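Let's take a friendly look at how charged side chains pair up in a protein model. Have the structure open as you read.

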Amino acid sequence: MSFADENDLDEADIVISPGAKLGKRTKPAKPATKQSDDKFIDLNLPPISNIGDLFVVLVDKALELGLENVLTNTMKAAFPLNVATIFSGTEAPLIALQQISNALEKRGMPPIQVNHLFSTEIDPVKQGYIERNFHPKLLFRDARDFIPRDSKTHKITATTAYGAVVEIPRVIDILIAGFVCKDLSSLNTNKKTLKDGGESSDTWKALYSFVKEFRPSVVLVENVKSNKTTWIEVTQLWEDIGYECSWHICDSKNYGLPQTRQRMYMVAINKELYGKGVKKAADDWQTTMMALARQCSSPFEAWLPEDLSRQHDYANLISETDWVLCKLRYERMRLVDRLGMKHPVSQYNENGSVCPPDFANRKFYLSQSSRVYDCIDVAQLLGALAGRDSLYKMAVWDVSQNADRFKTRLGILPAITPNGCDFVSNQQTALTGSQLLVLQGMPFDKLLLANETPKELQDLAGNAMSTPVIGASLLSALIHCSKAFHKKAGKGVSSCHTSLVQRAKLVTPKLMKHETLKSSGFIKLDMKKLVQDAKSSTQLCACEDLKDISKSPVQVCKECGHTACSDCSGNPLHVYDETIPRNTRCPPTDFIQNWRPQFPARLTFNNFPSLLEEQIVTGRDRTPDEHWRKFAQRVAEANLNSEHFSISKFVRLDNLWKVIYVSAKATLELHIEKEVEWRLFVRCPMALPGNNPIRKSLEQPVARGFVEDSLLEPKWELFLPEIQTYPLLISASSSEKTSSWRNRLGLPDFRNETVPNHLDVKSSKGQTAEHGLVGQYTLLPDCGTAMCSLYKKSSEPPTYLFLDCDPIGHGDLDSFVFSHDVRRVPYGSSRVSLARLDCSWRPWAIESNSESRVNATIPGSWVASDIHLNADVPDIHISLPPAGSIVSESSRGDCSQMVTMLNVQLQELLDTHEFSAYSWALEKAKLLPSFPQWQEFHETTCTTRNCECAPPFPRILWSVNEKFEASAHEDRKPAAQFERAVKTRPNVFVINASANSKGTEINVAANVSVLQHCARSRILGRFNSCSEMWRLVTDHVEPAFKKFPKLHLRSNSTDTPHRGPRRMKLELTETQKKSLTWMEKQEFGIPLTVEEIEEEIHAELGWRLEVRASTTITLRGGVLADLPSFGKTVTTIALIQNEIEKKDSSAILEENVKLSSGLPDLIDVAATLIVCPDHIAKQWAEEFERFLDEDQYEQYKVLLIMKHGDLERLTIKDMQHARLVIVSWKVLAHASYISDLAQFAALPEPAATKGRAYDAWLDYAVEVVPARLKELRDTGVAEFKKNTVDTLEMRLQEADFQAVVPIKIGHGSAYQTYDPANPTSYGKRTAKPIPRAKYNQKARTQPTASADWTLFPTPLLQLFRFNRVVVDEYHYLYAELDHYPTYAAVKKINAHKRWVLSGTPALNNFSDVNQIATLLGVKIGRDVWDSSNSTPLEKRLASDQTAVEKFMSRTQIMSYQWHEARHMKAQSFLDSFVRQNAPSLEHIDCTEVLRAVELGIAHKIVYLELSQHLTSLRMQIKKQKAAKKSKTKSKSASHRDTRFEMSLRNSETAEEALITSALEFIIEAGDSGLAALTEIRREQIEETKVEIFKLMKQANGVQAFLSTKSKTGEGIYSVLKELLNAKRGLGDGDSALAVSKLLREAKGRQTVSTVRTEAEATAHLKILSEEIFSASQELTTRMRSYRFIESIQRYLSTLSDGQANPEEIICSSPTCPKSTSPMVLIDNCGHMVCKVCLSKRGDKESCVHKGCDVPVQANNLITISDIGLRMNDMNEKSFGKKLDDVCKLINDIPDEDQCIVFVPNEAAVTTLEDVFVHHRISHHHKSALLAETIHDFQNNKNSKKMKKVLILTLGGVEASGVNLTNANHIIFLSPHLAESQYEYDSQMAQAVARSRRFGQEKKVFIYHFAALRTIDVDILEKRHRRVDGIQEMGSPIQLPGDILSQRFKTKLVRNARGHMALVPIAWLADDAKRAAMDVQENMSFTSLISFSDRYEYDDE
Ligand SMILES: [Zn+2]
Ligand SMILES: [Zn+2]
Ligand SMILES: [Zn+2]
Ligand SMILES: [Zn+2]
Ligand SMILES: [Zn+2]
């Protein structure tokens, strides 16, 4: 039995057809389509591709089947129907009901009145979707909540998505539920033993208990197909609770959707409510359900709206799973089905690169594994054998499955599943979630999707019910079950549509301005400009979205005009010669915005003739036939002369813009390309079947008009459907031939098939000459089209002959056409062609020297006609408010009033039902009421703080579980209130249109007050006052996403230098003085406006209304982001000293106390608090001492608090006396500190010290501190201690307390004590003991009871309000989670002035700036971010959100403009509060030195191998998952890329891997010559062979065991042997030979197997086969790798004096002419070939070597002279030249000097330590305690113990801030790989500043190491920008002395004498400078690779 879902994937199961034998195919490929009506698209029916139309058909049928009767009789009393849904998903039932109502209304019937009681959905994504689209009265969170637990209480409540708890409604007429439950047996409550608890059975149980309790009249259920017996059981279960059931299996494609989806549908009717005849009702339900079936009649593409973005973002795949078995399966398929070895679609290369067709979605491809590539390729090859080019057929392959499971039903989808991946072969991408939703019958234009990810949408679609099927189920239930519905009194009539939204009153301002838009408004368009603009904004590559232009330049094919960007191009090759750079193109939205207003809004025709008119018909060759007459009649019915065409939209297509006008029955399109042409289409009546010839003819335009200079006066031509057939004579006009398509696909049976290169088309009678078909045609083999058969005739425009496929028809019926247009056409529109050849003609069937006679059919002819097109826009009278003030005055701040913003009147009667029908009349008018500037609200505006429409966000409550994990949720009651308010909030925009005797009136009104109230509530939630402004933008468009400008920081250069402070030992530099002036100014207070903007957008209207609420506060302080060694410390000291010189403590206190009024009562102190990382706390103190006079320093009474113990020894008094307190971060994060704070506040300890829960606890603690402080002051220390216990007791009694504060006490469980000092009061509770020692120590410091309160010990920082707080290196605080408690605490420490210091603040986006602002004490805006594209910070914030917050964030979508405004706001914050200055260190002598290293030859090869590997992966590392541990534990649990695995393992990115590879070279035991490398590779090959042999013997053993047990000899091992014997599956002749040899040798030899059972043996054999296969693949890889080295070695051996000797060169081509042409190395197979042979290849994607199957692309080719090989150091012991050189350098440094070595990453630290140990270099490394290490390095000068080197990681926290002036040599092992230039500059500066800073007395040396021709040089040249040059130490190059005014990118050069330098590129442009440096040659030392995108596009 098979009840599995039809899409289940079973990887292990290899299909083996018993009779399949190798050899030539005997039977022909089966024809793909054997149409049987119920499985395919039924073209005999009228095509339906729209859910609305489908429902009309469905409802019509239902009306016939009895619905009409029910509606007019029984149903009325039941209205409105109470409907509820559980497991709602997409709410398809509600959509179905809505569609049914719409259809009924179309038939003049009343709609179904529905009362949507509630929805139930647990997933926040789906909740958001439901809320946005359906606004159910109630949206419950979890249906499993419903199971009544307590039978005594009759009230059953549940929690809503907003967090409110409400009662579940009881009177339900229809309950609908959908499941994915395969095994329903666990439902049976009697079978207690069944494994239940799985989610789906839980949900079934939930439904069952719900029905049992609430007894709805009718229950409709959908479930996946399941077995019959289960359903019988289920029926029984329902019967047990009084329900009558019946069920039916439905397939969605039988209900009109193009999807194979079999589901069980069930009805259960409440027997009691229905009464008699219930059994029959249930049966009738099923019968009617069957009668309502209607086969689908349109393929899926027809269903998909054009503007559903075609390209979707996919994340790159990061891991590749092991899929040896699938690979084996495909190899077998390829062998048995004779598919060949090629990867024609993906052009997948074994090293991982792909080059899919250029129209493919590359992002999709890159997100897939190589299994999927193989799957797509195999499917294409199978299709080719069946006579079809799938790239042109509408096939859907669910590539999450294997290719042998694909059913080739063109145009129909397999069942949509949550995890499927529906790949469309002719779109070369997977269907997106939103497309899948449409294909489930969702009316997409009506659905609102927000920021759901593709995965989430897929999930929504995969779990949805098909709308028409549930619709049929509902209709059937309405017809047969209405007797069971509850009778209602008929009141409370509400249909599905009536929302809860309050109706606002419409107010029209008295002083409206009136205007008339005159009809004569159309201005003549500049056609030249139009064409030009269109060209620059049209789509030129498939990767361009509707709004985007491609990132890379576009290439144009000179043969066929095809365009593709350089990222996407390559497959097919084309003949690209022209390039269009990006900067010459303009965004498509600009084109629309500029041109749309210039087009007439409405058009009419006159003089459109009948196609049967005499003057047209006479003179034609033929008299009108039946077809012609019908066609003419249809055209006449379109009333072209009386209908209006109103403007609809602009459509952007491949090299084409369309402007579309629509009338009731026709469409008029303006095509703008090189030429401008009108095309008039008459729509086909719906009732005509899909295969009706009239329908086909109507796909062509009925008229066309060629525009020259006047848009409305084109030359018109009419189309006459005179179909004619002529014979043509076609022959090959030369003997030249090219491989045919099937030949190029590598199909073995078509190895000799060719097509002629030239065709001669002749007319048989000379009569077709006028059609321009006759002539010479040339094959364009590289230009694609179906089956690669494009022929071109040179003419103007060129005529093409090619295969034009019907995407859903059988391949044999496709025919070649003559046309000017070779582009792909979307389904439903047909190509304008000149003629169509008989479908039997194929170019590969042409025999040379013979002429074939082929019939050509001409679809009709074009005749000139005198048609007139007119602009027809009537006078439009409009009125609008003349000024913004009048708008706000009229609304009076009352959100129940909305104000007319635009009123339009015209004398015509318009259809006012749908917006689109009258929107043209608003075309110009809607732009007029524009108030783009911020408008003040009128004074009379209401002043309510919190309007009902915008209540404050409910407060957060906490629950803590037994494990002390805290989780947050909203307070239930306010949540309910909040929910009500959000739902009943009035609409912001309302459009009313009405028609009366005078004409039509359209009124657009806006409710400004609602937005005002919402915005205000956001500000007033945090501040005390608020003011608002509003504005209205009427030309709103959502632009293509553009990156916002980079956030930047200002410097203090414009400030005046400060004159103080006087008593510092050190004179500040000029810039430091300027900085000080700014700091002093900041401390006086700088106003900051905090704002929140609320917006509402009406997309169709293009209106955006915004309200901005803001308040102004004052901040004192700012952020110093000065570059390292500028002296942030010094300026901070100066700031403090300056104040001290001016004011004494009491003066400061006096001033501060004034400012404290109104603030919570804390202890005001005059001290400055400095919070800094542990390793620089001491340094801070020392710096004060160093920079200040001694007497001054004395005054500071510095408190240095390094650990909690230091704090414990202090008292409040000490704090009051001090003027400087320095605290290490560690202190605030210490458990004792937190515990002490808890004790002071009389709180239990926090449940968590990380994340939001700690913030909540801390908030509470900080809030109660003032009161506790008062207690301390009033009662004294002893009393206070005693009170603590009582207060704590009291708090613990309050339920509310426990809900608000996440504390370390499990709610409801036993309380825990934390104070063993008072054991009796907590005695009974389970105490968590705290180490006694700690309390003993405390006791010692405790003062006597009578002491002064200021002697209270452990002065916690939260008790004070400091004069100033300074937070140093803040960005490391939130970067690491360990620092979280400090981070949280620092934000809440009170101080009058706040300073934040950081050299490298993160400045990615608004969120980062917001984060900086919080440290200054304010949040500048709410958290809103795009979930798909968030920074690490945002991800962390998001993970802390509550369910409701997540849900709310999904219901709101903000515009691009909104985000842009916020971004600007962030910039202005930076401008006011942040400064960044660069240091001036001219006085410190410093030399930068270049150390260029030429790597050893073997090292170079290893590097090259890796770099080629990574280039082919396009620098995307796919990390391989660790292979499954296998039974045999063989070493060869192998990967394809074992060679590179080591290099990649520790690297995050490809670039990092390359840096590492350029740095270290350790192959084995230090021996590193080329010979050694060769030897290693050879050994690896031998090892692998041994391994394979061993595995084969084992497999033979198991096989032998199996053959004794059973007769089944066939199995996977046989398949494998078969493959290997056939020398297949490995793609390399040498390795295939080796393996088949091994196989022969192993024959008859076996290892005795230990397996005991047959099953075990089978499983084991499978594993062994898998391993043999992967080991063989590994062997191939290794042999290629060996060959690669061998080729190089051989090349080297032929070198003499740098010149290769042609005699000795061995080119891999068997036909090599042995010339001296340059040699090229193919990196992925190691074959070497000369350029002559390379260019002579027949197939440009293959290797020249026979038996080598690697696909070869341009990037696989390495010109050998580019590598820079030299005969050097062939045998040498080293760690690689670079590390050797580093050690040499260090050993040369004077003994007394020390140095710092910066390494690129952690892994390099380990390597370097090994090297240093080897070279006996004393060094400090990271593993020691940091602060101590540094201290020792700084201070240990004992010549024996002094460490020479300190190793630090570039960019790491330990390198920050610390002063290492003891060292004066800085070594950069590798250039810094930074994410951005900003990061590079700041982190390099940070690194250099360790030594090069104030206090450095020696000369500083900076060394940059770079390995030549590696990524090192690439990075240096790109990132290391300079104003001058650097060179090698003691190098004699004469560098120009002048320094450039700005920094330039640099270039590495070598002068004539071989000396190297890194110089700014500006110098190289200057001939004089070049000459001076003696640099002539333009040599490049960069690597041969290109960077990954991220790196490449990051250019400011
Ligand atoms: Zn592209
Ligand atoms: Zn081309
Ligand atoms: Zn309001
Ligand atoms: Zn050659
Ligand atoms: Zn090769």
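In this predicted model, E544 forms a salt bridge with R652, and their closest N and O atoms are 2.9 Å apart. A salt bridge here is a side-chain nitrogen of Lys or Arg within 4 Å of a carboxyl oxygen of Asp or Glu. E544 sits in the loop between α15 (527-537) and β16 (554-557) while R652 belongs to strand β20 (residues 645-653), so the pair ties together parts that are 108 residues apart in sequence. Helices (H or I, at least four residues) and strands (E, at least two) are DSSP runs, numbered from the N terminus.

E544 is buried, with a relative accessible area of 1%, and R652 is buried too, at 5%. Buried means under 20% relative accessible area, exposed over 50%, and partly exposed in between (1.4 Å probe, protein chains only).

The structure holds 70 salt bridges; here are three of them.

| Salt bridge | Closest N and O atoms |
|---|---|
| E544 and R652 | 2.9 Å |
| E717 and R704 | 3.1 Å |
| K1585 and E1582 | 3.9 Å |

K1585 and E1582 share helix α47 (residues 1570-1605), where they are 3 residues apart, about one turn of the helix. K1585 is partly exposed at 24% relative accessibility, and E1582 is partly exposed at 41%.

A note on the numbers: local features need pLDDT of at least 70, side-chain atom pairs count only at pLDDT 80 or more, and totals for chains, interfaces and linings use all residues. Residues are numbered from 1 along each chain as its sequence is written, and side-chain values use heavy atoms, leaving out hydrogens and water.

Notes:
Chains lettered and ligands numbered in written order.
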